[in-house]
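Q: I am new to this structure, and I would like to learn how to read a few of its features, one at a time. Could we look at it together?

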Amino acid sequence: MSQTPGYATPQPTYIPQPVVFTNPQQSNVVYSSVPQTVQQPTIIYTNGAPIPDVGTAWTWSIITCLFCFWPLAIVGMVFARKAGTAVSSGDHELAEKHIAKSIRFSQLSLGIGAIFAIAVVVFYAVLFISGGFNL
């Protein structure tokens, strides 16, 4: 093969070889001329300890912030955020403590909100029964 002036030396052409995939349940053979890639599953090792679920703390905090006593729910959100930061840094023990505090503040918010709702209902019931509330 002679080289033409001004052109590079031609490279050998790649011809993909057929790849054979077999399925043990079936007797047919599948041929493919394109190399196949298989996505391997991601494995995360956590030293045997499960990763704490921060989603529960966030859910409690947001619901109680919307429907109950919001100042304590905001404190619960702060602890839920701290728990998320602790999980991402790998400190699962601290994350568990922050999740417990977040849920505790959210439950206090729920309790205070429920007491306030019952007090409002009782107030309007007494007002209606005494005749001070006219429809």
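Q: Leaving aside its neighbours within four places in sequence, which residues is Ser 61 in contact with?
A: Contact here means heavy atoms within 4.5 Å, and by that reading Ser 61 touches Ala 73, Gly 76, Met 77, Ala 80, Ser 102 and Ser 106, once its neighbours within four places in sequence are left aside. Before going on, please note that this is a predicted model, in which local features need pLDDT of at least 70 and side-chain atom pairs count only at pLDDT 80 or more, while totals for chains, interfaces and linings use all residues. Residues are numbered from 1 along each chain as its sequence is written, and side-chain values use heavy atoms, with hydrogens and water left out.

Q: Where is Ser 61 found, and is Ser 61 buried or exposed?
A: Helices are DSSP runs of H or I with at least four residues, numbered from the N terminus, and Ser 61 belongs to helix H1, which covers residues 55–67. Buried means under 20% relative accessible area, exposed over 50%, and partly exposed in between, using a 1.4 Å probe and protein chains only; Ser 61 counts as buried because its relative accessibility is 0%.

Q: How is exposure read for Glu 93?
A: Glu 93, in helix H3 (residues 92–130), has a relative accessible area of 57%, so Glu 93 is exposed.

Q: How many disulfides does the structure hold?
A: A disulfide is a covalent bond between the sulfur atoms of two cysteines, and the test used is a pair of cysteine sulfur atoms within 2.5 Å. The structure holds 0 disulfides. Cys 65 is in none, and its nearest cysteine sulfur, that of Cys 68, is 9.7 Å away. Seen from Cys 68, the closest cysteine sulfur is the one in Cys 65, and at 9.7 Å the two are too far apart for a bond. Cys 65 is partly exposed, because its relative accessible area is 22%.

Q: Which residues make up the largest nonpolar core?
A: In soluble globular proteins, nonpolar side chains tend to be buried together. A nonpolar core is a set of buried Ala, Val, Leu, Ile, Met, Phe, Trp, Tyr and Cys residues joined through side-chain atoms within 4.5 Å. The largest one has 9 residues, namely Val 54, Ala 57, Ala 80, Ala 83, Ala 86, Val 87, Ala 95, Ile 99 and Ile 103. Helix H2 (70–89) and H3 are the elements that give two or more residues to this core, and H2 gives the most, with 4 residues.
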